[in-house]
Amino acid sequence: MKHSILGLGLLTLTACVSTTAETLNLEEALDYCDKHVQRTLTELKTDGDTIDYTMMPRNIMASDNRWHCRKTDKAEWCGGFWPGVLWYDYEATKNEEIRQQAERFTESLEFLSKTPAFDHDLGFLMFCSYGNGYRLTDNPEYKQIILDTADSLAKLFNPAVGTILSWPRNVDVYGGHNTIMDNMLNLEMLFWAAKNGGDKSLYDIAVTHAETTMKHHFRDDYTSYHVAVYDSVSGDFIKGVTHQGYADNSMWARGQSWAIYGYTMVYRETRDPKFLDFAQKVTDVYLNRLPEDYVPYWDFDDPAIPDSPRDASAACVVASALLELQNYVDPEKSKTYTDAAKRMLTSLSSPDYQCGDLKPAFLMHSVGHKPAGSEIDASIIYADYYYIEALLRLKKLDMGKDILASL
């Protein structure tokens, strides 16, 4: 894989995409996902046909071929992605056995709706699981659980700062109120709750968080810091730093992907043009620096490129986001974004990134926390979640349907 020249224009980007986008076979890719879901469910069984629904698939290291699972507790931020994968597979297949498994894994997370907020990840945990479950079933119990969780998450909002505190445990470490870029995706649960029976202040919290993040979390070129630190009392911005990226001033791929996805979603919920403009700016700086296969290196500024690991998870997040963002922009840019998403999914669906028969996960070559030496060149559950989400969005787009609705 060869590193592309930095700063390619969007017209060049579009031309590069158009020659390969048509090679993606959507039905084949979704069928592949279903087979790997079935394989995972089989391999999760212990003592005959028993499954421990509190143990969620998290990762498969490059040297392994079985899921490493983690207990559903406050320390496991990825617990909602596997139930979300099951809900998406049910949406694609209408297989009632998959629905039953999705329900059982989802319901093992209910305790989080009754637990005081411990960090910002409640959105990932509960909206990927219960959110998709409610979208597909209209189960009123799911709705109440989401509303309760949104109220809990909102308690981490600091009005002096204007953002939700990400890591209460790390306030002393960073020297103040810390907010990470990942937090943008947890706003979706607040927006949803505000228009589905929750307190209307949840909408205001989400908007204020997005505005404050837009003001302080980005450099002049629209690349993002991973962590923004604020004075907890005065609300003053102190500094932007990294936690999982290469350096404080580098563009960490997954962090930028959260920004792209997050601001696209915020525009959807607010229809405020400033958020649409910003979503395009943070998207274009990402697209202009991609390597030839459109799957980024884990950090765009790692000096070891091209001998540096890719991050398929970031590509999955961005592909899904682009398929929504293309709805909101002018026709020329819509084509650019759609073609780019197809190019990403084409690469991700190739033998270069799919696990094939080697592992029960969908994809290889994601990076979790490289500075800590954790989950490097691994299969990681959130990559699978956003991969199948993106495939379903593209299928709906091809069918002329609302990509946010069920098939």
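Predicted model: local features only at pLDDT ≥ 70, side-chain atom pairs only at ≥ 80, totals over all residues.
View 1. Strands (E, at least two residues) and helices (H or I, at least four residues) are DSSP runs, numbered from the N terminus. Two strands pair if DSSP finds at least two bridges between them.

**View 2. Strand 10 beside strand 11.** Strand 10 and strand 11 (residues 374-380) run antiparallel and are joined by three bridges. His 369 has Ser 374 of strand 11 as its bridge partner.

**View 3. Helix 11 crossing helix 12.** The axes of helix 11 (residues 273-287) and helix 12 (residues 312-325) come within 12 Å and cross at roughly 140 degrees. Axes are lines fitted to C-alpha atoms, for helices over the stretch in contact, and angles run from 0 to 180 degrees between N-to-C directions. The two helices, helix 11 and helix 12, are therefore oblique to each other; angles under 35 degrees count as roughly parallel, over 145 as roughly antiparallel, 65 to 115 as roughly perpendicular and the rest as oblique.

**View 4. Residues between helix 11 and helix 12.** Helix 11 contributes Leu 276, Ala 279, Thr 283, Tyr 286 and Leu 287 to the contact, and helix 12 contributes Ala 314, Ala 315, Val 318, Leu 322 and Leu 325. Contact means heavy atoms within 4.5 Å.

**Notes.** Residues are numbered from 1 along each chain as its sequence is written. Local features need pLDDT of at least 70, side-chain atom pairs count only at pLDDT 80 or more, and totals for chains, interfaces and linings use all residues, while side-chain values use heavy atoms, with hydrogens and water left out.
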